[in-house]
Amino acid sequence: MVITASSGVGTGAALALPPHVQLKVEDLQTYFIQGASTVKSVDGVSFSLSRGQTLAVVGESGSGKSVTSLTIMRLLAHPGRIVGGRVLYRLRGGDVVDLAQLPEKRMRAIRGREIAMIFQEPMTSLNPLFTVGDQIMEMILLHESVSRDEARVRAKRMLELVEIPAPERRLDQYPHEMSGGMRQRVMIALALSCNPSLLIADEPTTALDVTIQAQILDLLRRLQKEIGMSILFITHNLGVVAEIAHEVVVMYAGRVVEQGLVLNVFERPRHPYTRGLLACIPDVRRDRTEGGGRRLLNAIPGNVPSALDLPTGCAFAPRCPLVVDRCRELPPLIPVSEDHLSRCWRYDDL
Amino acid sequence: QQRGGAATVATIGEPNTLDPMVSAGDLLGMITQHFYETLYTFDKNWELTPLLAEKLPEVSADGKVYTIPLRQGVTFHNSQPMTAKDVVASLKRWTDLASRGKLVAGNIQAIEAIDDNTVRLTLKEPFAALTALLAFNNSAAVVMPADHMENPIKEVIGTGPYRLKERKADQYIQLVRFDGYKPREGEPNGFGGARKQYLDEIRFVPVPDANTRVEGALAGQFDYADLLPVEAYDRLRGQSKTEPLMLESFGWAMFIMNNKQGMMTKLDLRKAVQAALNAEDMLAAAFGKPEFYSVDGAMYPKSYVWRTEVGTEAYNQGDADKAAALAKKAGYDGSPIRILTSRQYEFHYKMAQVAAEYLKAAGFKVDLQVVDWATLVQRRAEPAVWDIFITHSPFLPEPALIAPLPDTYPGWWASETKNKLLTAFNTEMDQKKRIAIWADIQKLIYEEVPFYKVGDFNALTAKSPRLQGFTASPWPYFWNASLKQ
Amino acid sequence: MTRYVIRRFLGMIAVMFTVVTIVFVIVRVAPGDPAAVMLGPDATAADIATLREKLGLDRPLILQYLYFLGQLLRGDLGQSIFLNMPVLSALAERAEPTFFLTLFSILIASAIALPVGILAAYKRGSLFDQVATTLAMLAASIPSFWLGLIFIQVFAVRFSWFPVSGYGGPDASFIVRLSHLILPATTLGIVSSALITRFTRASMLDVLNDDYVRTARSKGMGEFQVVMKHAFKNALIPVLTVIGLTAALLVSGAVVTETVFSLPGVGNLVVSAVLRRDYPVIQGALLVIAALYVLINFVIDMLYLVVDPRVRY
Amino acid sequence: MAVTSSPAIAGRPGLVSLVFQRKSLLIGLVVLGAITVFAVLAPLIAPYAPNRLSVVNRLQPPSGRWWFGTDEFGRDIFSRTIYAGQLSLLVGAAATLLAAAIGITLGLVAGFFRKADGIVARIIDAMMAFPDILLAISLVAALGPSLATVIVALGIVYAPRLARIVRASTLIIRELPYIEAARALGVPTWRIMLRHVLRNLVSPILVQATFIFAYAMLAEASLSFLGVGVSPEVPTWGTMIAAGRQYVGSADWMTLFPGIAIVLAVLSLQLVGDGLRDLLDPRLRKDL
Amino acid sequence: MTNASEPNDGALLSVRNLEKQFPTSSGTVRALSDVSFDVRRGCILGIVGESGSGKTTAGRCILRLIEPSGGEAIFDGVDLFKLSEKELRAYRRRLQIIFQDPYSSLNPRMRVGDIIGEAIDTHRLARGAAREERIAQLLGRVGLRPEHARRYPHEFSGGQRQRIGIARALAVEPELIIADEPVSALDVSVQAQVLNLMQELQQQLGLTMVFISHDLSVVEYLCDDIVVLYLGRIMEMGPAQEVYANPRHPYTQVLLSAVPVADPRAKRDRIILKGDIPSPLNPPSGCVFRTRCPYAVQACAEIVPPREDVSRDHSVACIRQAELAGQREFENQENLL
Ligand SMILES: Nc1ncnc2c1ncn2[C@@H]1O[C@H](COP(=O)(O)OP(=O)(O)OP(=O)(O)O)[C@@H](O)[C@H]1O
Ligand SMILES: Nc1ncnc2c1ncn2[C@@H]1O[C@H](COP(=O)(O)OP(=O)(O)OP(=O)(O)O)[C@@H](O)[C@H]1O
Ligand SMILES: [Mg+2]
Ligand SMILES: [Mg+2]
């Protein structure tokens, strides 16, 4: 059940985006409202993604990454609802639309064709009852008026593109006859078969082995160069972010806490949470003494708060080593340097 | 009356055989009389009348020799002519197998064919009821071809106006007109006289559930529905597709006690049961409105010559205290009275339930064993497994034929007094004297309590208005009947 | 694939074998001498002895069992005591009404259950869902004989739309016979639709949560197509099993329904056989019906080969 | 259905409030409770003795004197209906307990011991191949009809259903890491079976048992209706309907009230079962 | 580490020629072949490998949670594989296991106190008040509060549950703990907490540990020795520092190069492997890695590469390792020039 946007703000006024921007999310709020309980899964998320660039969204489990991506695609499950904010998107023709307001019918034309998506579980994301070829062709036939034969040729080309050996034979295979890595390639082929301008990848490599992850990341990078689409890459692995993204958005408890170029954020994180995350990853150079003895990791204390009762003010405050009184008040996203934002009052102390 | 058509008759169940000699059920008699015929039968006044016999038998002066002339030109369904040889063989088979035949078996000196068309039956002692026995359509002395007498029968070949075409157990028994049938001269008269073959077909459909028979009748699915619960009378009245037929004094119900084995062999206990039972309640429960039954202890209703009221003061007591006292006297040990009954005849079952309550009130334990009729018939033959079973009977023209009188009948009433009286009754040829003896027998029944008469009941059946020329009877027959197209 | 077929086949044989054994045991648990019970009290000792010999009851149990198996392998289910005919023919004679009754019931049940189940799952929590779920539960709570009685009263007696009972006479046309089946099949169909509805709903709910349904939506596909093509086809697999098993189990309902409607089917035969203590018929009917169930199960397994590519190897 | 629901985020509210949140469970429990109270307190509530004949008053329609009317023997249907509740519930409950005892044992043994599994699983499969009523009829025919044999037969008939569920769950639970942890600790097998496996099966067993209770009551009614179950003079809802069958069309109340009683009892049991399933283990929703 | 076939003196546990096959309906899965390694007393041995390489199977075999198909596991001088079920029970106290999934490794129907208490009861370590005391102590040791004993597992977060699992393992005072991916299911921030806890415990209690993981950075950080598994066979093993610094097997090299590093400036030559891991149902002949190995030659298909020592305690199963090492040295020198 797809819930259409409920706030009835007209889309009359022409929307605009800077020319290089493909997608701009502004103060997005997505809540799950069931009876008296409200889960504010996404509560004020903003970022923008330039054409041909990769933006990584990183955060721990439950921070709202998937909900953000599903909101953009307008694939939220009941009782999820967009409560506020805009999702500005540049169509192929150059027009800008607010995806949060678009009627379902127009949204359908955008899904798959303008924006495509790949998911975490390659094992379950493909329908087990249809051949791989059918599933790719279905997408092509849905959005373009071509014959089945033509669609098949296109599907085969897509499989070639994602470096699947013996594509002709693979077209007639079922998903279960393929390995996880292979299926994720099929998903990518499927997603890219209508040349979308934006690819949303929700943890596409999390379920895969490192060697296969390396293959897929490599493939995505190459395809982006060839096709030029923008990628919204969702992950919880900072290593992967470093490897693939130009820009990064760090989420915590439904909010963006830091945003900026990958180089800047990793080099000099301006939010204690980002800093903590980076310190949590074991690094021998840092965490071993000269003699080879181990230092304890610089772990963040405490747990990720439950989405049902978030602390007021900065959600990270209870775990933050730098917490001060002021943190009871929610900081805005503060520009700390060019293209670098942080939601911390004490960004300068970092 | 028009020729043609197939009449559908809803019967109370599936007979377990089509051989009318081996079983005595009314259902079996009703069905088989259409294809098997007896030497004699009854006319509409319940008088004896010849059927396969040419005329009534000549009886010798001492009442021992019966000479029976046969009709000529009668053929079996397999086109063979019927001869004296077939009749002799059939009668012998009847005395061997049939429960009614066994009654006379010991009394028979000889059965022989005098010529092709005459049979002679010689008795040891005179036996007044013989001709009535020969006329009955259940446990019937039917005539079969001499060369088709296996037991169980392999092929149903009779002389009747209809012949068996197909039997699908639990579905239907399909009879079709026997074209080689030669009816008697004259007009129909009860079961006797000419038998007209208007119908092309008669189909007996077993519908064990009484209510389904009612509903089928209401819906016009059956041309005739046998034995319906009397409660349905009002529902059947004023309907377009069916009409109720009420058969007054159709029969009487009885509780047979096991006089051979078990607790009921004690007279006091039988008397206790007699005292405990309230016939009126049993009848009311079984038949509903008083129009449908009569609380009557006499063995024959008013219209019969055999009617007498001697002994009936012991009837319909419903006296729990007396019963309890009698039971105590008999040394009743608290073991349950095993009452065998069936739901095929719903009124049996209902009487059983009321009886059970009255017996319980008198301090008896009751074990009500509800089985289907076929099983009951099987089980009642085994003296070890029951104390009382419930059955009913039409009013028979000849008292000697009342089922529980002979000591071979399950219940096994054997007493010297009874034997004396019965012998006297059977050998006596004078009607007046016989009536007097019968009164003694009735008195004895109330004294020795071999069984308990519950009362008389009417029967409710239903026929469609299309069915014409049909005469209601305890054993409905469908020759002479026709369907309006 | 061949491996799958062979495995299922062997499995089927194994279960059949167990079924046969269970039936053998059930008839043997009858207290007392089965021959005596079967023949009834009329029988003489000699009769009983003859039947004992005929049935092999005088032999050691294991030999009896082997004999029983041997008989079955020859397709011999024994002889009905009451009907005086081979049990197999008695069953065959009554197969038609039961077969069509089951078939129509399952068609009616599916015709009700599938759309309702799908829609209820799709609109989970809606008024439609609540009403449908409650009705399904209600349908599952109604004794089929009671519903049958009501149907007879209303549709056969009051309105005379359908015949009350039976299966038509000897020369009844197929249409007439079918008209006899409508009420019983509707009765059974309604009662069994409950299970299928609930199962379809549950299965759809599962599938609607699956990732590939989300994938289909992310392709920009319309809801109807998503539900029917991607979700329902997957949900169908377990539903198919339930439909098949319901079909097999309907025989159970048929026992009751056939009695209420006096349909001369297998169920009716069993009930009469129980009342008539016709053990060979009970035994034979049990065997045949259970075997049918196992067979239907096997057929469904084979259907998976068509529906689900995952089992093809 | 794009986002899968996450495991319970909030702490667990109390059981009572959970029950109250589920309307159907609540309704089911209330109706079932009422039926049970009526049945148990029948001697106090019933205006007449259930078997008291009063032939003059036979087939009276419902009225102020006989709330549900009288039957063909003039017995009060209301009194009989609530007394019948005792036996119907007893048959259902006893059959369920028996089925549970057999089924749980078989299922646990099959699920836990590979060697036994081959045979037990096949017996379960084979037993499931017999339609429930048919198997019950045959068992009753073999054992001889009585209240006790009906219970035994239904217990045997429904045992495989529980056995199958217990077995399937055991097979899954057996492979779970916490079982492995217990084995790694050296906890004896029987203790693992009871403390770890059986304890985690309580919910599915309870849910299934509720349904079996419902089915057993329906089955008892069917058997009695067919005349192959409980002896007809013992009042159960099934025997009452069977008796009333003769009067459908003329005294409909004879079948109506016991029929409603069955439907209510079975429906409430199913509501409870469904509610329990929701409450105890949402994952079980799939098997019915 | 040693590759001698006799048990090593310093080793608490020596696994020798461990074999495990799973017969399945579609054939026999060769999960482990000829696996031998030593776990030094007081040290942490890491087992790494991609999914399906047999890491978990190895752990479960050693603990006899599944029956091994062959080989031996000498623990403190006794071959665990030869013990009867009864004899084994005594050893169960000395070896413990921690699982990956913090959700399914705790019985949801038991209170935390009972989960830990069951370990104590089974080995009759304490009773009554002493038992409660001990449970409280264990909870404290893993960073939980004594009152948590009354709660059920679902009331805890993943990290806390993992702590409960650790407390349960510690309850019997084991000498060796096999930790099967204990942090893989946890969020990064919690993962670090649990890693810290494990280290502290290991040091304080002098535990010996087998740490199974597919996360190479964690293993590098935590472990003293490392075993690299691929398709049920050991590719390379040795002291962690040395293996990481100087991987000699092509597979190890590939694996290390594939790990994404959280440093956007790190520039590395990545070796991207072609293809997938072959099915363990019919693993390749000879060297199992050869189908994906960039350096494979004909001979690799013919012989199962024997283990070769490249330095003390560091061994590699590759027939071309020496040749390849030489080549690399040459390249490195070239780079230097
Ligand atoms: N259908 C739903 N109903 C209620 N809450 C939901 C629903 N879907 C998601 N949530 C809540 O929204 C929050 C964000 O979830 P989301 O799936 O976006 O997290 P994530 O960052 O993608 O985490 P992960 O790394 O585990 O995928 C979580 O707290 C989750 O519980
Ligand atoms: N019970 C079993 N039956 C059949 N095959 C099994 C069984 N357990 C494991 N296997 C197979 O053995 C091989 C090794 O499995 P194992 O679980 O040890 O791998 P792993 O290295 O722990 O992988 P992961 O990283 O996914 O946990 C795999 O191919 C697996 O499919
Ligand atoms: Mg997510
Ligand atoms: Mg593992």
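The model is predicted. Chain D is built from 11 helices and 0 strands, and together with chain C it buries about 4600 Å². In chain A, strand β9 (residues 247-252) is largely enclosed by the rest of the structure, because 6 of its 6 residues are buried.

**Chain D**

- Read from the N terminus on, the elements of chain D follow the order α-α-α-α-α-α-α-α-α-α-α.
- Of the 288 residues in chain D, 61% are buried.
- Among the contacts in chain D with a separation of 6 or more, 70% come from residues 24 or more positions apart.

**Contact between chains D and C**

- The size of an interface is often given as the accessible area lost when the parts come together.
- For chain D and chain C this buried area is about 4600 Å², of which 74% lies on carbon and sulfur atoms, and the contact draws 50 residues from chain D and 50 residues from chain C.
- Between chain D and chain C the count is 1 salt bridge, and the side chains of Arg198(C) and Asp274(D) meet in a salt bridge with an N to O distance of 3.1 Å.
- Polar contacts between chain D and chain C amount to 8 residue pairs, with both residues at pLDDT 80 or more.
- On the side of chain D that touches chain C, the elements giving two or more residues are α5 (114-128), α6 (132-143), α9 (189-226) and α11 (253-280) of chain D, and α11(D) gives the most, with 12 residues.
- Sorted by class, that side of chain D holds 34 nonpolar, 8 polar and 8 charged residues.

**Strand β9 of chain A**

- Both faces of β9(A) are covered, with Glu247(A), Val249(A) and Met251(A) buried on one side, and Val248(A), Val250(A) and Tyr252(A) buried on the other.
- Strand β3 (residues 54-59) of chain A runs parallel to β9(A) and is joined to β9(A) by 5 bridges, with Ala56(A) having Val248(A) as its bridge partner in β9(A).
- Strand β10 (residues 255-261) of chain A pairs with β9(A) in the antiparallel sense over 6 bridges, and here Met251(A) stands opposite Val256(A) of β10(A).
- The hairpin of β9(A) and β10(A) has 2 residues between the strands, and in this hairpin Ala253(A) adopts a positive phi near 50°.

Notes
Residues are numbered from 1 along each chain as its sequence is written. Chains are lettered from A and ligands numbered from 1 in the order in which they are written. Side-chain values use heavy atoms; hydrogens and water are left out. Contact means heavy atoms within 4.5 Å. Buried area is the accessible area (1.4 Å probe) that two parts lose on being put together, summed over both. A salt bridge is a side-chain nitrogen of Lys or Arg within 4 Å of a carboxyl oxygen of Asp or Glu. A polar contact is a pair of N or O atoms within 3.5 Å; within protein, one must be able to donate a hydrogen and the other to accept it, and residues adjacent in sequence count only if both atoms are side-chain atoms. Helices (H or I, at least four residues) and strands (E, at least two) are DSSP runs, numbered from the N terminus. Ala, Val, Leu, Ile, Met, Phe, Trp, Tyr, Cys and Pro count as nonpolar, Asp, Glu, Lys and Arg as charged, and the others, Gly among them, as polar. Buried means under 20% relative accessible area, exposed over 50%, partly exposed in between (1.4 Å probe, protein chains only). Two strands pair if DSSP finds at least two bridges between them.
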